Amino acid sequence: MGINEEKREKMEYISTRGGASPIVSSKAMLLGLAEDGGLYTPQSLPMLTEGQRSIEANYSEIAARILALFLTDYDLRELREMTAKAYSCPRHFSVEEIVPLRFVGDGLSFLELWHGPTSAFKDLALQLLPYLLRSATQKQAEEREIILLVATSGDTGKAALEGFRDIEGTRVVVFYPVDGVSEIQKRQMITQEGENTCVIGVKGNFDQAQTGVKAIFLDQELAGKLFSHGKCFSSANSINWGRLAPQIAYYVWAWKSWGQRDDRLPEEGFNIVVPTGNFGNILAAYYAKKLGVPVKRLICASNRNNVLTEFIRTGVYDRKREFHQTMSPAMDILISSNLERLLYELTGREPSRIKALMTHLQEEGSYSLESREFQELQMNFWGGYASEEETLFAIHDCYQRHGYLIDPHTAVGYKVYHDYLSETGDHTPTVIASTASPYKFGSAVADAVMGGEKKTNRDEFRLLEELSGYTGVPIPTNLLNLEKKPIRHRRIIAPAEMRAAIETVLGL
Ligand SMILES: *Cc1c(COP(=O)(O)O)cnc(C)c1O
């Protein structure tokens, strides 16, 4: 049955900018970013066979089978062992289904991606990535210590720290924007335990931290020093293929979960709404569509940093705009790294075109699509955004209408979904990716749901308790435990000091 007996076609990975030779997935995951600055992408995109489409299985089995299509230098048995360990309940995830699909009525459901150890969707990839990388070091006979370098807008950092803490042969260094994350997110990171973890605050925004990390990656002198110290860099950001591949699985899972209900999906399938920042999560949904999952439209939801909305509507990407700090900080991004992988598909996989677009972006701060590319974009995507006020209202409205509590990122998706309905009249069944627990962003959610009552109590943890008392929705245990944990990481630096900080931390 299924791909047990099917012969798997070997899949290799190439750079979107064409300047790297094809390599197997374990190598692409160890490297993170290609040496020409491009992103590793599968040489061709696979399709689900009839056998694979009809499989009924639990989450870890579905994940193993989807991964097997992309990571062909891993065998299925090995992948099964890894997904069974990563996606286990109650050890790492707090619900048996791992990723429950909650139906709230009117053909709308939420794919709850936040039941892992750090309460955001990043856990789905980062609980698994350490196993994938550990095996990758064996496959590639890599004996150097792996330094995972992470720029985070709040959730990736914590998920990477939890996934890799005390994993032998690895070390995690996280840079986060000091004023660009929620109270709870900050607390999660600065209390991080583990002998191999390091958390550094950057006085700047996420784009600055991400740019700094990319520069460190491509710094040849630093690479030489690292080499002589027996270390090498890898990435836990979604530029790493090892981050994206596990995310494709939950969109296949969403489709399967819907298929098990009585109200069958229509022939053309369903729409998926994804609150988007670095374009990783929605790109995984696009790959799921390419696999043959019946997805009609991918709805890209942004906050006030609406560079992607404009791009999808006009075909012009222009990052020359004001940066806004919002209550959905994981989406406060103007340079969406993974868009490069989508461009690769839109341009008919043309590396020279990607290089031209990326050079234009770097030199002029913008680029525009040609009409064929733009058509391809519009056939698959729809874009919208929510202001701060609209985000708060969306949290309120969803709670009033459906009795369902959502976080500000998911609320951006909920608002844009309603815009889509009224602008297109398309009532196709829809899945909204619910990307974080509402309790990670307690003060915004309490504001929206309890209104003035919240003002009586400013302490974040009391606020969470109040919100839980008011709504009856339990607080995830990992967040409850935070209050008692001592602070272990206090370092704060300027963006220009990131490289020097790395040298100090690693003793180079
Ligand atoms: C990371 C994150 C996003 C954005 O996801 P991308 O893959 O960067 O587009 C949205 N919501 C939450 C809660 C996140 O942590």
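This report covers the ligand site and the cysteines of a predicted model.

Local features need pLDDT of at least 70, and side-chain atom pairs count only at pLDDT 80 or more, while totals for chains, interfaces and linings use all residues. Residues are numbered from 1 along each chain as its sequence is written, and side-chain values use heavy atoms, with hydrogens and water left out.

**Ligand site**

The ligand sits in the largest cavity. Around the ligand are 15 residues, each with a heavy atom within 4 Å of it. Lys-122, Asp-155, Gly-277, Asn-278 and Asn-281 come nearest. By class, the shell has six nonpolar, seven polar and two charged residues.

Polar contacts (pairs of N or O atoms within 3.5 Å) include these:

| Residue | Protein atom | Ligand atom | Distance |
|---|---|---|---|
| Asp-155 | side-chain N or O | oxygen | 2.4 Å |
| Asn-281 | backbone N or O | oxygen | 2.9 Å |
| Thr-435 | polar side-chain atom | nitrogen | 2.9 Å |

The protein covers 98% of the 380 Å² of accessible area that the ligand has on its own (Shrake-Rupley method, 1.4 Å probe).

**Cysteines**

The whole structure has zero disulfides, meaning pairs of cysteine sulfur atoms within 2.5 Å. For Cys-232, the closest cysteine sulfur is in Cys-198, 17 Å away, so it is too far for a bond. Cys-300 is in no disulfide either; the nearest cysteine sulfur, that of Cys-398, is 20 Å away. Cys-232 is buried at 11% relative accessibility, and Cys-300 is buried at 0%. Buried means under 20% relative accessible area (1.4 Å probe, protein chains only).

Methods. A polar contact is a pair of N or O atoms within 3.5 Å; within protein, one must be able to donate a hydrogen and the other to accept it, and residues adjacent in sequence count only if both atoms are side-chain atoms. On a 1 Å grid over the protein atoms alone, a cavity is a set of points where a 1.4 Å probe fits but cannot get out, and a pocket is an open set with protein on both sides within 12 Å along at least five of seven lines; lining residues have an atom within 4 Å of a point. A molecule sits in a cavity or pocket if more than half of its atoms lie within 2 Å of its grid points. Ala, Val, Leu, Ile, Met, Phe, Trp, Tyr, Cys and Pro count as nonpolar, Asp, Glu, Lys and Arg as charged, and the others, Gly among them, as polar. Buried means under 20% relative accessible area, exposed over 50%, partly exposed in between (1.4 Å probe, protein chains only).
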